[in-house]
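Trainee: Please take one part of this model and go through it closely. I would like to see how that part sits among its surroundings.

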Amino acid sequence: MADAVTTNTIFSGTKRLVERYTNISDGTGEAAVIKVDKSTLIGPDGTEPAKIVIEKIEYVCDGLQVRVLG
C-alpha cells in the first residue's frame with residue numbers, strides 16, 4: 001500500500017491561505033515535499049508576495065516527524 005496523501009484548501013484569498021494536509025502512511029512516508037510554493041501565490045497587488053508567514057501549524061503525528069523547510 002502506498003501513502004494516501006490529500007491536500008484540501010479550506011480558504012484561499014489574497015492575504016490568507018488555509019490548507020489541510022493528510023497523510024495516512026504505510027511507513028514509506030514523504031520526503032521534502034513542497035506543500036506551499038510562494039511563486040504560485042498571488043498577493044493583493046496581483047503579483048507574487050515578497051514573503052509569506054506561517055501563522056499556525058496544528059498536527060497529530062504518531063511515530064512520524066513533521067519538518068518545515070524554508
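Mentor: Ile57 is partly exposed, with a relative accessibility of 46%; the label applies because the value falls between the limits for buried (under 20% relative accessible area) and exposed (over 50%), found with a 1.4 Å probe on protein chains only. The model is a predicted one, in which local features need pLDDT of at least 70 and side-chain atom pairs count only at pLDDT 80 or more, while totals for chains, interfaces and linings use all residues. Residues are numbered from 1 along each chain as its sequence is written, and side-chain values use heavy atoms, without hydrogens and water.

Ile57 belongs to the segment after E2.

What does Ile57 share with Ile54, Tyr59, Val66 and Val68? The five form a nonpolar patch on the surface, and together they have about 530 Å² of accessible area. A patch takes residues with over 30% relative accessible area and no salt bridge; nonpolar side chains (Val, Leu, Ile, Met, Phe, Trp, Tyr) are joined within 5 Å, and like charges within 9 Å. The areas come from the Shrake-Rupley method with a 1.4 Å probe, and for residues only the protein chains shown count as cover.

Strand E1 (4-12) and strand E2 (17-24) are the elements that give two or more residues to the lining. E2 supplies the largest share, with seven residues. The volume of this pocket is about 2300 Å³, taken as the space filled by probe spheres set on grid points that are joined across faces, edges and corners. A pocket is an open set of points on a 1 Å grid over the protein atoms alone, with protein on both sides within 12 Å along at least five of seven lines; a cavity is a set where a 1.4 Å probe fits but cannot get out, and lining residues have an atom within 4 Å of a point.

By class, the lining has 25 nonpolar, 12 polar and 13 charged residues. Here Ala, Val, Leu, Ile, Met, Phe, Trp, Tyr, Cys and Pro count as nonpolar, Asp, Glu, Lys and Arg as charged, and the others, Gly among them, as polar.

Lys56 forms a salt bridge with Glu58, and their closest N and O atoms are 2.9 Å apart. Both Lys56 and Glu58 are exposed. A salt bridge is a side-chain nitrogen of Lys or Arg within 4 Å of a carboxyl oxygen of Asp or Glu. Side chains of opposite charge can pair when their charged atoms come close. The model has three salt bridges by this rule.

Another of them joins the side chains of Arg16 and Glu55, at 2.9 Å from N to O. Arg16 is in the loop between E1 and E2 and Glu55 in the segment after E2, so this pair ties together parts that are 39 residues apart in sequence. Arg16 is partly exposed at 43% relative accessibility, whereas Glu55 is exposed at 62%.

The side chains of Glu48 and Lys38 also meet in a salt bridge, 2.6 Å from N to O. Both residues lie in the segment after E2, so the parts tied together are 10 residues apart in sequence. Glu48 has a relative accessible area of 40% and is partly exposed; Lys38, at 27%, is partly exposed too. Between Lys38 and Ala50 there are 8.7 Å in space, C-alpha to C-alpha, and the two are 12 residues apart in sequence. Ala50 is exposed, at 77%.

Pro44 is in the segment after E2 and is exposed, with a relative accessible area of 58%. Gly43 lies in the segment after E2 as well, but Gly43 is buried, at 5% relative accessibility.

Technical notes
Helix = DSSP H or I, 4+ residues; strand = E, 2+ residues; numbered from the N terminus.
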